[in-house]
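I opened this notebook to record what I looked up in one structure, entry by entry. The sequence and the structure come first, and my notes follow.

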Amino acid sequence: MEDRRCFVQFSHPGREHEPDRSGRKSWNKSNRSHGRKFMRFHGAWTEADGGERTGDLYAWGEWEPESELLRALDQPKRDSGYPRYLWRPYYVPKGDYGGLHNTDPFIFGERFLYSNCGQGSKPGLLHLGGGSIIAFGSGKEIGGARQWMLDTVLVVKDSMEYSPPAMLTG
């Protein structure tokens, strides 16, 4: 199939992770659905003037490994769709990743990566051309109506064939 430039609206589960009793969240297991977290982490960005900056970044997205609850957040309205918790993501290497969810899209590191989520059932996602846009979001109920809320946007630079090891696809 030829690579084509596309716009993809990709819905991810809208469930927000809940903290464990310890005030942390252990690695999400694959027998549970994916979830979302509002996170604070250190990163870098480019300003409109071309200058590069570093500091704290905040993102609403998927992070399935461990995280520490920084604080509960005030809710402006009960059904507002705003996040309820602020998390600090971290990673503890495992000897075996079987039965653990992956994080996809992966927004940590030098570039954003979208590796496999939904690609088995939507093979067109395997052949997105450079300049394609993938808009990840979640359905939320706001004011009694279901709304789609954007959380992550990827602009495709290039692609390559990738088959996750069996230990990482659980």
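The entries below go through the ground rules, the salt bridges and the sheet.

**Ground rules.** I am working with a predicted model, in which local features need pLDDT of at least 70 and side-chain atom pairs count only at pLDDT 80 or more, while totals for chains, interfaces and linings use all residues. I number residues from 1 along each chain as its sequence is written, and my side-chain values use heavy atoms, with hydrogens and water left out.

**Salt bridges.** I looked up how many salt bridges the structure holds, taking the term to mean a side-chain nitrogen of Lys or Arg within 4 Å of a carboxyl oxygen of Asp or Glu, and I found 7.

**Arg 84 and Glu 16.** I noted a salt bridge between the side chains of Arg 84 and Glu 16, at 3.4 Å from N to O. This pair links distant parts of the chain, 68 residues apart, with Arg 84 in the loop between strand S5 (67-72) and strand S6 (85-89) and Glu 16 in the loop between strand S1 (7-11) and strand S2 (24-25).

**Arg 84 and Glu 18.** I then found that the side chain of Glu 18 also meets that of Arg 84 in a salt bridge, at 2.5 Å from N to O.

**Accessibility.** I call a residue buried under 20% relative accessible area, exposed over 50%, and partly exposed in between (1.4 Å probe, protein chains only). By that rule Glu 16 is buried at 9%, whereas Arg 84 is partly exposed at 32% and Glu 18 is partly exposed at 37%.

**Glu 62 and Arg 36.** I recorded another salt bridge here, its closest N and O atoms being 3.7 Å apart. Glu 62 lies in the loop between strand S4 (52-61) and S5, and Arg 36 in the loop between S2 and strand S3 (37-46), so the pair ties together parts that are 26 residues apart in sequence. Both Glu 62 and Arg 36 are buried.

**Sheet.** I counted two strands as paired if DSSP finds at least two bridges between them, and I read an open sheet of 5 strands with mixed pairing, in the order S2-S5-S6-S3-S4. S2 and S4 stand at the edges with a single partner strand each, so one side of each has no neighbour in the sheet. I also checked S2 against S5, which pair in the antiparallel sense over 2 bridges.

Key. Helix = DSSP H or I, 4+ residues; strand = E, 2+ residues; numbered from the N terminus.
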